[in-house]
Amino acid sequence: NHFFALYPLSMPSPPRVRLLVDGYLRDEQNEHTLPKTINHLVFLFCKACYSWSTQYIHKRLQVEEEGTVLTLEPYLQAKNKFQVCVAYGAQTVNQGVSTWTVKCHSYEPNDTYAPFIGVTRNLDEVLKVTESTWCNRGYMFCGNASRIYDDAHWEEDVFDGKALFNSDGDVIEFTLDLEQKVIRIAINNHDYGIAFTNVKDGEYRFAIAISKIQNAAAKFEFL
């Protein structure tokens with residue numbers, strides 16, 4: 001049998017979609033079950049389109065552009081004080097290899113360690129917390145200081161301070177590999193390699209934490 005997808009010629013460009021592999025390929029009329037091994041391979045290698053959650057998000061953060069752009073609007077606060085603003089991804093993963101690619105469109109580095117990038121356990125009690133980081137319930141990379149945080153590490157520099165994601169135009173690729181139990185990081189097309197090993201099985205969401213000590217905006221986009 002031949003499997004194919006029909007795309008309407010009247011549409012000017014493909015919409016941003018997420019491919020969901022549930023064990024079937026659909027043609028015009030029928031459903032055909034795929035062998036489990038092929039289904040698993042498709043699941044591992046398909047590229048999903050990610051978006052930000054509008055349910056689990058700090059009140060000062062806004063989601064735009066069909067859910068792919070996250071912005072922090074400027075706001076005033078007391079001198080020498082900073083507030084952590086956390087947002088989570090809308091999708092969850094629990095197997096295979098997942099890579100989140102995020103571009104920084106505007107951010108002003110400061111003397112805090114934000115932005116933090118990582119994955120957190122998909123637990124309601126964790127996701128409801130949007131004013132502090134998730135380092136004790138997942139894996140976290142500090143883009144301003146090239147350090148990692150989890151249950152076993154605290155401010156450990158695994159890349160000699162060279163892996164920085166804190167400036168306009170920076171692009172990070174954060175890869176969670178639940179097959180090999182590792183997390184890898186690449187920034188601006190440079191592969192820094194493995195940041196975390198012995199990653200625990202479970203269901204995860206992508207997460208970002210931004211802390212601001214000044215009246216400046218920040219903007220991050222899923223690519």
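Which residue in E16 is the bridge partner of Thr71? The bridge partner is Lys219. Strands here are DSSP runs of E, at least two residues long, numbered from the N terminus.

This is a predicted model, in which local features need pLDDT of at least 70, side-chain atom pairs count only at pLDDT 80 or more, and totals for chains, interfaces and linings use all residues. Residues are numbered from 1 along each chain as its sequence is written, and side-chain values use heavy atoms, leaving out hydrogens and water.

Start with the whole sheet. Seven strands form an open sheet, ordered E4-E5-E16-E7-E12-E13-E14, with antiparallel pairing. Two strands count as paired if DSSP finds at least two bridges between them. The edges are strand E4 (61–64) and strand E14 (190–196), each pairing on one side only. From one strand to the next, the twist averages 20 degrees; such angles run from 0 to 180 degrees between N-to-C directions, with axes as lines fitted to C-alpha atoms.

Now move to E16 (residues 218–222). Four bridges join E16 to strand E5 (residues 69–72), and the two run antiparallel. Leu70 has Phe220 as its bridge partner in E16. Strand E7 (residues 97–106) also pairs with E16, antiparallel, over four bridges. There, Ser106 stands opposite Lys219.
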